[in-house]
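Biologist: Could you show me the model and take some questions on its helices and loops?

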Amino acid sequence: MKLHQLSLFLENRPGQLRAPCAALGKAGVDILTASLADTAQFGILRLIVKDWQRAKQVLEAAGVVVNVTEVVPIEVDDRPGGLAAALAAIEDAGIGVEYMYAFAAGPMPGKAAIVFRFEDPDRALAAVKERGLRVVDAEELLGKKSM
Amino acid sequence: MSSWNDPPGGFHPASVPDYLPRGRLAEIQLQRLQAVVTRAHGRVEIFRRRMEERGLTPAHVRGLEDLARLPFTVKADLRDTYPFGLFASPMEDIVRLHASSGTTGKPIVVAYTKADLDVWTEVMVRTFAACGLHRGDVIQNAYGYGLFTGGLGAHYGAEALGATVIPISGGNTERQLMVMQDFGVTALCCTPSYFLHLLERAREMKIDFSRLRAGVFGAEPWSEAMRQRIQAESGIKAYDIYGLSEIIGPGVGIECAHQTGLHLFEDHFYPEIVDPTSGEVLPEGAEGELVLTTLSKQAMPMIRYRTRDVTALFAEPCACGRTMRRMRRIGRRADDMFIIRGVNVFPSQVETALLQVEGTLPHYQIVLTREKGLDRMEVKVEVTREVFSDKIRALESLHRKLEDALEHVLGLRVQVTLVEPRSLARSEGKAKRLTDLRNV
């Protein structure tokens, strides 16, 4: 249910984003979705890839610092208020969201997938399921062809 | 009288002087001091002139305490008399020359007679023996062979010890690692920063060096923190070796298995600690500049040579049984110090701050710049797997903690920049910790 997300440390300079992406491309690793967080000094590139173990190996061999965290992909309705409903479930359970970003393409028509980073992913999983929200199956997401 | 790590069957016979009773040692020291002062006075013009200016003759050296009356020798003396002006032997008695890489202008040249080389080999045997090495060990010598004293000095010592020597010299990391693995290397000689570089590559190349048990690391200052990191990450025992070409090369001092300071081979190299500014001799235990006198050197005697290395001496007996006095490991050189906005800073202080925050010592570099007449100090710190987080907040907090810790240690606000791993220059030799772009 949980996905393995790779986070990469990057200096905030032109060209820094390309090298790790090119390394993954060369190794034939599919990037399913990506999100970049940055400050004036540095950035963190977060990636969901098809084969995270191999991607980690490729990146580390290229000299990149990689951190692996578990994130939860939650399915929300692709309509006004869809995301708010999911957030209500999380908030009501008293769970903090560290950060979130959209999955590039939703798992099925009319749905979107949002990737959440929680302090406590297991408790979050239980809370959203209790509200009848669907946590996207990892197989389902990773099975999709990337964009 | 052997230490717990000495080989079965006792220590190498060359190590006998390590355990001389202090009284007997003092007799030998005085006798040798009088001889070397007489030799330098008779044969080295600059030294004789300085003695005369003070109204001194070799006869004034009646006790070891009289050494403090003699003039200092400084590095500039070697440059000013380049190439052979400090030699006390005729060229036909000199069997080897070494030279340092002068960063500016001419190098400094040092010379050895056959007897000098024998002393050098002897102190290097005693050095390796103190590290628990013996016949049967396979020693990979990655110090540079050539004009630098490190390579050949360690080489002949290791051979005389009876170990198997691999004279691989410096550089070519992949080959170093292949040899280390394939030849069953048990001990390695190189700079500590180069060993860290080797470790990093070994991990990536999945090299097995489980037979390696000792590293004889020197030729640059390194901290206790760095030692702890090396020992924890590699599982080997990391020994600090001390030496300098002007005195003999490697083999002036070495740690024993207890790693509580470096024993100085003071039957050949007499140590004093002086105030770096006034030149006054400081009492035992006080921190100051190490001054060395070569007691047995023929070709190029050094009387009261100012090493610029900052340390302290202590005479308490060591648990290993050696009677040679110990000096605190050298964390800094009087020359390494830089002044920024009126504050004296040593790179070792920066290490202390980084270590406090991260728990291990990351690769770092200090960059000094001057903008609009104002000095700026920046510390670039490589982000390691251990401290990297996927959360911006955590990295910003690390960044702030580093700046705070540096301010606390230095009394100065400096800019910290987190940089990608392996983006700072890795030396194959000495670590380049400081880049001064101030044009002062």
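This is a predicted model: local features need pLDDT of at least 70, side-chain atom pairs count only at pLDDT 80 or more; totals for chains, interfaces and linings use all residues.

What follows is a set of questions and answers on helices, helix pairs and loop residues.

Biologist: What does helix α9 of chain B reach from its first C-alpha to its last?

Modeller: Helices (H or I, at least four residues) and strands (E, at least two) are DSSP runs, numbered from the N terminus. The expected span of a helix is 1.5 Å times one less than its number of residues. Helix α9(B), residues 347-358, has 12 residues, with 16 Å expected, and its reach is close to that, at 17 Å.

Biologist: Within what arc do the buried residues of α9(B) fall?

Modeller: Buried means under 20% relative accessible area, exposed over 50%, and partly exposed in between (1.4 Å probe, protein chains only). In α9(B) the buried residues are B:Pro347, B:Val350, B:Glu351, B:Ala353, B:Leu354 and B:Glu358. They line one face of the helix, because, seen down the axis of α9(B), they fall within an arc of 165 degrees. The arc is that of the directions from the helix axis to the C-beta atoms.

Biologist: Which helix of chain B is included in what covers the buried residues of α9(B)?

Modeller: Contact means heavy atoms within 4.5 Å. The cover includes the strands β16 (338-340), β17 (343-345), β18 (364-371) and β19 (374-382) of chain B, and also the helix α10 (392-410).

Biologist: Are α9(B) and α10(B) roughly parallel or oblique to each other?

Modeller: Axes are lines fitted to C-alpha atoms, for helices over the stretch in contact, and angles run from 0 to 180 degrees between N-to-C directions. The axes of α9(B) and α10(B) come within 9 Å and cross at roughly 140 degrees. Angles under 35 degrees count as roughly parallel, over 145 as roughly antiparallel, 65 to 115 as roughly perpendicular and the rest as oblique. The two helices α9(B) and α10(B) are therefore oblique.

Biologist: Is the crossing of α7(B) and α8(B) left-handed or right-handed?

Modeller: Helix α7 (residues 192-205) and helix α8 (residues 224-234) of chain B pack at about 30 degrees, with axes 11 Å apart, and are therefore roughly parallel. Among the residues that meet are B:Phe195 and B:Leu199 in α7(B), and B:Met226 and B:Ile230 in α8(B). A crossing is left-handed if the near helix is turned anticlockwise from the far one by less than a right angle, and right-handed if clockwise. For α7(B) passing α8(B), the crossing is left-handed.

Biologist: How are α4(B) and α5(B) placed relative to each other?

Modeller: The axes of α4(B), residues 114-130, and α5(B) come within 8 Å and cross at roughly 70 degrees. These helices are therefore roughly perpendicular.

Biologist: Which residue just after α4(A) takes a positive phi?

Modeller: In α4(A), residues 121-130, the buried residues include A:Leu125 and A:Val128. Among what covers them are β4 (66-77) and α3 (82-92) of chain A. The positive phi, about 80 degrees, belongs to A:Gly132.

Biologist: Is B:Arg304 buried or exposed?

Modeller: B:Arg304 lies in the loop between β11 (288-294) and β12 (305-311) of chain B. Its phi is positive, about 50 degrees, although B:Arg304 is not a glycine. With a relative accessible area of 2%, B:Arg304 is buried.

Biologist: Is B:Lys206 buried or exposed?

Modeller: B:Lys206 also has a positive phi, about 55 degrees, and is not a glycine. This residue lies in the loop between α7 and β6 (214-217) of chain B. At 71% relative accessibility, B:Lys206 counts as exposed.

Biologist: What is the peptide bond from B:Tyr82 to B:Pro83?

Modeller: B:Pro83 lies in the loop between α3 (75-80) and β1 (94-99) of chain B. B:Tyr82 touches B:Lys106, B:Pro107 and B:Val109, not counting residues up to four places away in sequence. With omega near -5 degrees, the bond from B:Tyr82 to B:Pro83 is cis.

Key:
Residues are numbered from 1 along each chain as its sequence is written. Chains are lettered from A and ligands numbered from 1 in the order in which they are written. Side-chain values use heavy atoms; hydrogens and water are left out.
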